[in-house]
Amino acid sequence: MMTTHIKRPAKRRGHKALVNILLLLALGVISVLIYKQILADAAGLTSEKEGVSADEDGFKLIKMDKEKLTQGELALVNKEHPYDFPEHRELAAIFDQKNDSYFVRDKNVRLDPDVIDHMNDLMEAFCKETGVGDVNVVSGYRTYEDQQKLYDDSLTEKGRDYTDEYVAPPGFSEHHSGLAVDLSIYHIQTGKSEEFDGKGKYGWFYENAWKYGFVLRYDANKSKVTGFGDEPWHFRYVGEVHASYMKEHDLCLEEYINLLREHPYDGEHLKISLGKKTYETYFCKGTDVRVPKDGHYAISGNNADGFIVTAEM
Ligand SMILES: [Zn+2]
């Protein structure tokens, strides 16, 4: 009895020691795995974390957030595609960053910060080539409430027909994107403003704005497609690559976005030459976006059904 009584705990001790060693080993292995995962996460190497996985043919897959559909230079905002205001929107007052080639109505005129440099280049070139420096940026980004007020005022002052043709209902204005501007002309001697009708020297904008990434957004001959009447004062930033193609082929943004749908990732990409560079543009439906593994590229949501990739070749 005594011996067995003594032996039993000894046996148990031996068993316990073995279990402890195994536990320690398991813990060690788990620790190493967790540590490796932390290192990989820090380096951004895990596919789950960034939504990136390798593809075979020089492209990789990126999983985009659906909210990003509203972002980028090709976001289409019109009467059929309302703008879904993001919680945080980066905007800057043009007034604080503008050069001396033009006027800005006041500090409330804001734009997407990336667009302001291009606006400066555009205005500087116009001023240099024509000697005219009286263009006034009178409107840029608008909140939902801004547009509501404009819309209500227009209905009261100008009536239903005019409003339907020229003023978007709140939520449906391209000005919500922070990529569009309205121009007017400001006479500094008299302090008076004049509508920007694009006549005379101001016609320069229609021939040259594309070089700086801007397009005339609402042209009379496109009003059936855009849903708006002729607005010679309203310009939209889409980037130089897209602006050059739209200008050359006389496409408004609705037509261009549709054309890009005919150039999906797994089909023939649209090739655009600009200066000495060549770009490939293609459409990725949904949120699975394929981008080149190497080289420069830009992704823009179309504010409808997918993303557009523009890759430098
Ligand atoms: Zn406008």
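Which residues form a negative surface patch? They are D65, E67, D84 and E87. This is a predicted model, in which local features need pLDDT of at least 70 and side-chain atom pairs count only at pLDDT 80 or more, while totals for chains, interfaces and linings use all residues. Residues are numbered from 1 along each chain as its sequence is written, and side-chain values use heavy atoms, with hydrogens and water left out.

**The protein as a whole**

- The protein has nine helices and 15 strands; helices (H or I, at least four residues) and strands (E, at least two) are DSSP runs, numbered from the N terminus.
- Of its 313 residues, 42% count as buried. Buried means under 20% relative accessible area, exposed means over 50%, and partly exposed is in between (1.4 Å probe, protein chains only).
- The accessible surface comes to about 18000 Å², and 53% of that belongs to carbon and sulfur atoms. Such areas come from the Shrake-Rupley method with a 1.4 Å probe, and for residues only the protein chains shown count as cover.
- Among contacts between residues at least 6 apart in sequence, 62% join residues at least 24 apart. Contact here means heavy atoms within 4.5 Å.

**The negative patch**

- Patches are made of residues with over 30% relative accessible area and no salt bridge; like charges are joined within 9 Å, and nonpolar side chains (Val, Leu, Ile, Met, Phe, Trp, Tyr) within 5 Å.
- Asp and Glu count as negative and Lys and Arg as positive, while His and the chain ends are not counted. The place of a charge is taken as NZ of Lys, CZ of Arg, CG of Asp or CD of Glu.
- One of the patch members, E67, lies in the loop between β2 (59-63) and β3 (92-93). E67 is exposed because its relative accessible area is 63%.

**Salt bridges**

- The structure holds 18 salt bridges, each being a side-chain nitrogen of Lys or Arg within 4 Å of a carboxyl oxygen of Asp or Glu.
- E174 and R236 form one of them, with their closest N and O atoms 2.9 Å apart. E174 lies in the loop between α5 (144-166) and β7 (180-187) and R236 in strand β10 (residues 231-237), so the pair ties together parts that are 62 residues apart in sequence.
- Both partners count as buried: E174 has 2% relative accessibility, and R236 has 0%. Salt bridges that share partners join E174, R217, R236 and E254 into one network.
- D112 and R89 meet through their side chains in a salt bridge (3.7 Å, N to O). D112 sits in the loop between β5 (110-111) and α4 and R89 in the loop between β2 and β3, 23 residues apart.
- D112 is buried at 15% relative accessibility, whereas R89 is partly exposed at 26%.

**Helix α8**

- In α8 (residues 240-248), the residues V241, H242, A243, S244, Y245 and M246 are buried.
- These buried residues pack against several elements, including β9 (214-218), α9 (253-261) and β15 (306-312).
- Just after α8, D250 takes a positive phi of about 50°.

**A look at G133**

- G133 is found in the loop between α4 (113-130) and β6 (135-139), and its 30% relative accessibility makes it partly exposed.
- Leaving aside neighbours within four places in sequence, G133 is in contact with S101, Y102, F103 and C127.
- The C-alpha atoms of G133 and Y186 are separated by 9.1 Å, although these residues are 53 apart along the chain.
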